[in-house]
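Here are some notes for a colleague who is opening this structure for the first time. Please keep the sequence and the model in view while reading the numbered points.

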Amino acid sequence: MIWLLGAHLLAAVLAPSLVRRFKNRAFFILALAPAGSFAWLLAQSATVASGGAVVDKLNWVPQLGLDLDFRLTTLSWAIGLLVTGVGALVLIYCSAYFSPDDAGLWRFSATLTAFAGAMLGLVLTDNLLVLYIFWELTTVFAFLLVGHNPTAIANRRAAMQALIVTTFGGLAMLIGIVLIGQTSTYGISDLLAAPPQPSPIIISGALLMLLGALTKSALVPFHFWLPGAMAAPTPVSAYLHAAAMVKAGVYLVLLLSQIFATIPGWRALTLGLGIATMIIGGWRAMRQYDIKLLLAYGTVSQLGFLVALGGVGTKEAALAALAMTIAHALFKSTLFLCVGIIDHTAHTRDLRRLSGLWRSIPVVFGAATLAALSMAGIIPLAGFLAKESAFDAALHLSADASLSSLVRWLVLAGFAVGSILTVAYTARFMWGAFATKPGVEQSKTDRVGVSFVAAPAILSLLCLLLGFLGPAESTALEPYFDAMPFGSQPPELAIWHGITIPLVVSI
């Protein structure tokens, strides 16, 4: 696995020279690094699905217990596929998004490729200290990517705001890592195999690590940095703020819930702040006229949903959380990429000025429609399967998580209200971006090339395909949710489970 990170590093180092020689076509070459990693991860599917793990280790600073330990498990495999697969497609998309003479393209290409490598290292590492190193690398690279245009005040301000908030969370997480590591161990697999007994130091360390995850994934009260980061180029929004950087916090919650879900404060914070974020983000999305900002607040809302699910620590919630994480990365990156095409071809993102795009860019409209249906949780898309599983997990919180019946119904009600808002802002986005509006002049669009629409088209088709592969997805993810210490075996992801309460809530 070390060679995968080395390939990303080499690509990032060569990126400026490649851009000088091939201009924006250099992104096709750079995409080979994440594409190669994706292929390797895919080749490990049988090992991971059977509950096995792929291990790689390199001694680094043994005196500090700082070794380059990497371990591929079901969770890191699933998130790694998202990081590398979406990363390769976004790099291909960049070849059409940027013009050959864009200033700073050499720097942007190197930073985005390096970010993909850092994010891959974050999900593969088996050492908490090394995880923190990759965590802060993603923060620094994100700062450079959001501030891609250093002459724009909005970009500089947004980049600095994101840096301050996520670095604050990262420092808190570092303290938590040291508390846990010095009391127990820095090895992640060791912690999973033998969770430490709760003590004031362990509880403090776990909650400090959770604070780092909440800031990275933009939960209330740290949610404000993510919409501001939309000043970044659209490929950055599609990758960092839909499929990668913000998923780092979700990944950490999904990982640590296997260990700390029952410590005092963990479930209260993840469920309370998660549901609050889901509702606040959805409500704010309904008030936006910039379709990119609309998606940004929608992302905040969905991140709240993911953290609330991931923090419960039961088998059912774990399956729902990981399935929704996969679905969200696919549909939200698709929609952000579609917004980038609209911005480039219609030269505006104001939904009050857009009209008739469903007719002038039909392929983009088709891709956005599939992704939007998945985001709204409409049958038979991947988002529907994951959302039904989430509602089902909420119904069993009393028995599986030893929570009161009142908490169970409050959580289900919160998920339902958040999902209503999701459907509402999804409809607002589709109407605002593509509908023919009375009294609004037909939007004129430029020609859209194949390399521009390829990435959103592929990702949107995966949203549809995954909806029909629910049983296979459940089998592939079973080693992860089966390792959860609480809860009964969840029903497999499927389009139809009969007339159930989750289906009624969806309707």
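**Notes on cysteines, core, helix packing and backbone**

1. The sulfur of cysteine 94 lies 15 Å from the closest cysteine sulfur, that of cysteine 338, which is too far for a bond, a disulfide being a pair of cysteine sulfur atoms within 2.5 Å. Cysteine 338 is likewise in no disulfide, since the nearest cysteine sulfur, in cysteine 463, is 10 Å away. By this rule the count comes to 0 disulfides. Cysteine 94 is buried, at 0% relative accessibility, and cysteine 338 is buried with a relative accessible area of 0%; here buried means under 20% relative accessible area, exposed over 50%, and partly exposed in between, with a 1.4 Å probe and protein chains only.

2. A word on the basis of these values: this is a predicted model, in which local features need pLDDT of at least 70 and side-chain atom pairs count only at pLDDT 80 or more, while totals for chains, interfaces and linings use all residues. Residues are numbered from 1 along each chain as its sequence is written, and side-chain values use heavy atoms, with hydrogens and water left out.

3. The largest nonpolar core has 189 residues, and those with the most contacts inside it are Tyr239, Phe415, Phe429 and Phe434. Such a core is a set of buried Ala, Val, Leu, Ile, Met, Phe, Trp, Tyr and Cys residues joined through side-chain atoms within 4.5 Å. Helix α16 gives the most to this core, with 21 residues; helices (H or I, at least four residues) are DSSP runs, numbered from the N terminus. Leaving aside neighbours within four places in sequence, phenylalanine 429 is in contact with Ile291, Leu294, Leu295, Leu335, Val339 and Phe434, where contact means heavy atoms within 4.5 Å.

4. How do α16 and α22 pack? The axes of α16 and α22 (residues 450-467) come within 9 Å and cross at roughly 150°, the axes being lines fitted to C-alpha atoms, for helices over the stretch in contact, with angles running from 0 to 180 degrees between N-to-C directions. The two helices α16 and α22 are therefore roughly antiparallel to each other, a label for angles over 145 degrees. Their crossing, that of α16 and α22, is left-handed, which is to say that the near helix is turned anticlockwise from the far one by less than a right angle. Among the residues making the contact are Leu337, Cys338 and Ile341 of α16 and Leu459, Leu462 and Cys463 of α22.

5. A second pair is formed by α15 (residues 291-310) and α21 (residues 405-434), whose axes come within 11 Å and cross at roughly 160°. Helices α15 and α21 are therefore roughly antiparallel to each other, and the crossing of α15 and α21 is left-handed. The residues in contact include Ile291, Leu294 and Leu295 of α15 and Phe415, Tyr425 and Phe429 of α21.

6. Threonine 345 lies in helix α16 and is buried, at 2% relative accessibility. Threonine 345 and threonine 445 are 100 residues apart in sequence, yet their C-alpha atoms are 4.7 Å apart in space. Not counting residues up to four places away in sequence, threonine 345 touches Ile361, Lys444, Thr445, Asp446 and Val448.

7. Some backbone details deserve a check by eye. The peptide bond from valine 220 to proline 221 is cis, with omega near 5°, and proline 221 is found in the loop between α10 (200-216) and α11 (225-228). The bond from isoleucine 379 to proline 380 is cis, with omega near 5°, and proline 380 is placed in the loop between α18 (362-376) and α19 (382-395).

8. Lysine 23, although not a glycine, has a positive phi of about 60°; lysine 23 is in the loop between α1 (2-22) and α2 (26-30) and counts as partly exposed, at 41% relative accessibility. Histidine 347, again not a glycine, has a positive phi of about 65°; histidine 347 sits in the loop between α16 (315-346) and α17 (357-360) and is exposed, with a relative accessible area of 53%.

How values were computed:
Angles under 35 degrees count as roughly parallel, over 145 as roughly antiparallel, 65 to 115 as roughly perpendicular and the rest as oblique.
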